[in-house]
Amino acid sequence: MLSSLIVRTKSGRIIPVVLAAMLMAACSGQAPQTPAANIQAEASASSEYYLQQMQQSSDDNKADWQLLAIRSLIREGKLPQAAELLGKLPQELTDVQRQEQQLVSAELSIAQKNMPNASAILAKLNVDSLSNSQKARYYQAVIDASQGKASLPVIRAYIAQEPLLNDKLRLQNINGTWAALTQLTQADLNSLVINADENILQGWLDLLRLYQDNKQDPSLLKAAIKDWQTRYPNNPASKVLPTALDNVLNFKQASTSSVALLLPLNGQAQVFANAIQAGFNAAKNGVITQSAPSQPQPAAAPDDANAAQPTSTDPNANGAVSTSGAAPVAEATPAAQTDADGMPVAPIVPPSASNAQIKVYDTSSQPLPALLAQAKQDGATLVVGPLLKENVDQLSAGSTPLNVLALNQPEQVQNNPNICYFALSPENEARDAAKHIWEQGKRTPLILTPRGSLGDRVAKAFAQEWQQLGGSTVLQQGFGSTGELRQSINGGTGIRMTGQPVMVASASQPQSVTIAGLTIPAPPADAGAVSTSSGKVDAVYIIATPAELTLIKPMIDLANGSHSGLGLYASSRSYQAGSGPDFRLEMDGLQFSDIPLLAGSNPALLQQAASQFKNDYSLVRLYAMGADAWVLANHFSQMRQIGGFQLNGSTGVLSADSNCVINRKLPWLQYRAGSIVPMQ
């Protein structure tokens with residue numbers, strides 16, 4: 001029998017009393033019960049959803065929704081709102097909420113580029129009390145806070161994170177682990193101390209070792225990896241190889257049977273093109289070898305190719321290294337194929353002669369797209385060039401199926417799978433100088449540059465590399481013409497160790513902080529770094545011509561004393577072989593970098609090239625660049641596909657970054673007691 005407790009509507013329908021009561025409760029405006037929040041799980045919903053749940057929740061779980069909303073705001077890039085909401089968390093939190101607060105605070109600091117604060121927070125977290133989802137976030141925060149700098153704690157974070165990830169993120173983790181490992185220098189590897197139970201880490205280190213030992217020969221590497229997979233079946237990389245390593249195993253050599261050489265054969269740049277073509281053909285014909293180089297017979301050489309050899313008895317007349325000083329720079333013989341970090345480097349061993357067909361195209365005669373199309377029609381398998389920057393800029397705008405080794409690089413490099421960029425740029429030298437100065441223990445450098453775009457470009461490149469190494473602010477001081485420098489020195493004015501900070505954004509420096517919606521800008525790092533010689537500056541990197549350096553060096557000594565302890569460094573712009581003993585004595589103590597050919601790696605070839613180009617060492621450098629361009633062309637696929645692949649070249653130890661921009665590590669030399677000797 002039905003209950004008599006019913007409600008009759010106007011339409012005649014009847015609704016049970018219980019249902020009617022529920023409807024009336026809803027109409028009364030009472031908030032519905034919010035679902036429970038799990039702050040230890042994933043937070044994939046939008047910040048709008050979490051904020052709505054937070055508004056509707058009771059005090060018991062409001063903080064949970066608030067923490068989830070903060071995570072979502074960070075993911076969405078709404079950092080001011082996230083910081084404001086984080087500051088409004090209640091004081092009374094449970095242990096679980098307090099742990100999540102610390103973790104999300106670290107994640108917010110990372111998003112704000114305040115890595116020191118993030119690292120300090122992470123160091124205080126109790127990882128064992130976190131859920132698996134939180135642990136995955138914790139290890140990612142450790143990785144992110146490292147700013148891409150490899151270290152044992154970062155590699156351990158990758159290893160600990162891997163089993164906590166899904167398949168898609170697991171490959172990303174494996175690639176990140178490999179990238180961190182390959183950043184380690186030989187000194188880093190020698191100093192590693194690992195625990196006996198760290199089998200996964202030991203497997204990764206063994207994989208790195210066999211890669212370094214066999215990377216120049218993909219067939220040997222393939223066999224070594226197969227053996228490694230048998231010995232380490234539980235290592236993540238045993239099941240899925242890092243992408244970069246997999247590319248090595250699937251490596252295919254690019255053909256150089258027909259090469260198109262694109263150079264400006266008319267106009268002001270013709271003299272530079274002639275020097276590059278001479279070196280290119282000399283290497284192609286096998287006359288530039290590892291030892292006992294023959295006399296080159298370059299094509300398209302200048303009219304003075306048969307000029308008489310210099311007869312000076314000065315040991316430094318035609319090369320950087322004095323035979324009367326310390327031992328000269330070792331020749332690039334196959335017996336010493338390691339880089340500065342002790343890693344193996346592939347020797348450059350050109351064939352005695354190549355049967356490759358070389359056809360030269362004049363970039364001053366036709367538009368670049370037409371030349372590339374013509375080269376393809378002519379059967380070219382690889383393009384070397386163009387040389388001029390305006391032509392190189394057109395490469396990324398157009399498209400060609402041919403592999404291209406450009407002899408310059410654009411301001412903004414795009415990663416094109418068939419293009420590499422090789423240039424003798426001052427920015428590349430500046431980055432190399434930053435590494436060298438850092439390795440010598442200097443920490444507060446000043447850059448002396450000519451006023452203008454060149455000086456600014458060099459200073460920016462140096463500062464970017466310096467901050468990636470872990471340094472802070474770099475100072476820059478500009479100078480004018482030689483006339484201005486002479487006026488200063490005649491007036492008894494030296495060069496003080498002061499300058500303006502080079503403005504380069506760095507994640508390692510304190511950033512602006514937002515609290516309760518108010519953004520407080522961070523003070524510039526080393527705000528007092530406009531320093532005098534009595535304080536901070538301990539190294540000076542000079543970008544100057546020989547004439548300018550002749551004035552600058554005494555002015556530095558005048559203002560700071562010749563025994564101030566300042567490290568003085570100069571780029572290759574300052575070096576012109578053949579300087580007299582008076583100049584070398586005046587430069588005593590100054591270090592400078594230059595290409596191996598000018599640093600003494602091949603004295604016979606240097607003497608011939610110097611004579612050929614009438615001691616114009618800018619053209620000798622381009623001759624060496626042409627020679628290296630031929631070698632790089634023959635190793636195009638390795639440079640493009642094999643991470644960490646290196647070659648010893650006439651212009652430096654050559655390696656490619658992820659965009660296949662060829663970087664050069666240069667030898668360093670020093671003026672010492674009237675001689676020029678290599679830095680050990």
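Begin by selecting Q147, which lies in the loop between α7 (132–145) and α8 (152–161); helices here are DSSP runs of H or I with at least four residues, strands are runs of E with at least two, and both are numbered from the N terminus. Q147 has a positive phi of about 60 degrees although it is not a glycine. Because its relative accessibility is 30%, Q147 counts as partly exposed, where buried means under 20% relative accessible area, exposed means over 50% and partly exposed is in between, using a 1.4 Å probe and protein chains only.

Before you go on, please note that this is a predicted model, in which local features need pLDDT of at least 70 and side-chain atom pairs count only at pLDDT 80 or more, while totals for chains, interfaces and linings use all residues. Residues are numbered from 1 along each chain as its sequence is written, and side-chain values use heavy atoms, with hydrogens and water left out.

Next, select A673, in the loop between β19 (668–672) and β20 (675–678). A673 is a residue other than glycine with a positive phi, near 55 degrees, and because its relative accessibility is 63%, A673 counts as exposed.

Now move to P386, which you will find in the loop between β5 (382–384) and α17 (389–397). The peptide bond that joins G385 and P386 is cis, with omega about 0 degrees.

Is Q66 buried or exposed? Select Q66 in helix α3 (residues 62–75); at 6% relative accessibility it counts as buried. Leaving aside residues up to four places away in sequence, Q66 touches M54, L85, K88, L89 and P90, where contact means heavy atoms within 4.5 Å.

The axes are lines fitted to C-alpha atoms, for helices over the stretch in contact, and angles run from 0 to 180 degrees between N-to-C directions. The crossing of α5 and α6 is left-handed, a word used if the near helix is turned anticlockwise from the far one by less than a right angle, with right-handed used if clockwise. On the α5 side the contact is made by Q102, L103, S105, A106, S109 and I110, and on the α6 side by M115, N117, A118, I121 and L122.

For another helix pair, select α11 (residues 199–214) and α12 (residues 218–231), whose axes come within 9 Å and cross at roughly 165 degrees. α11 and α12 are therefore roughly antiparallel to each other, and α11 passes α12 in a right-handed crossing. Among the residues that make this contact are L207 and Y211 of α11 and A224 and W228 of α12.

Finally, turn to the open sheet of three strands, whose order is β16-β17-β18 with antiparallel pairing; two strands pair if DSSP finds at least two bridges between them. The edge strands, β16 (646–649) and β18 (662–665), each pair on one side only, and the twist averages 30 degrees from one strand to the next. Four bridges join β17 (residues 652–656) to β18, and if you select S655, you will find that it stands opposite N663 in β18.

Key
Parallel < 35°, antiparallel > 145°, perpendicular 65-115°, else oblique.
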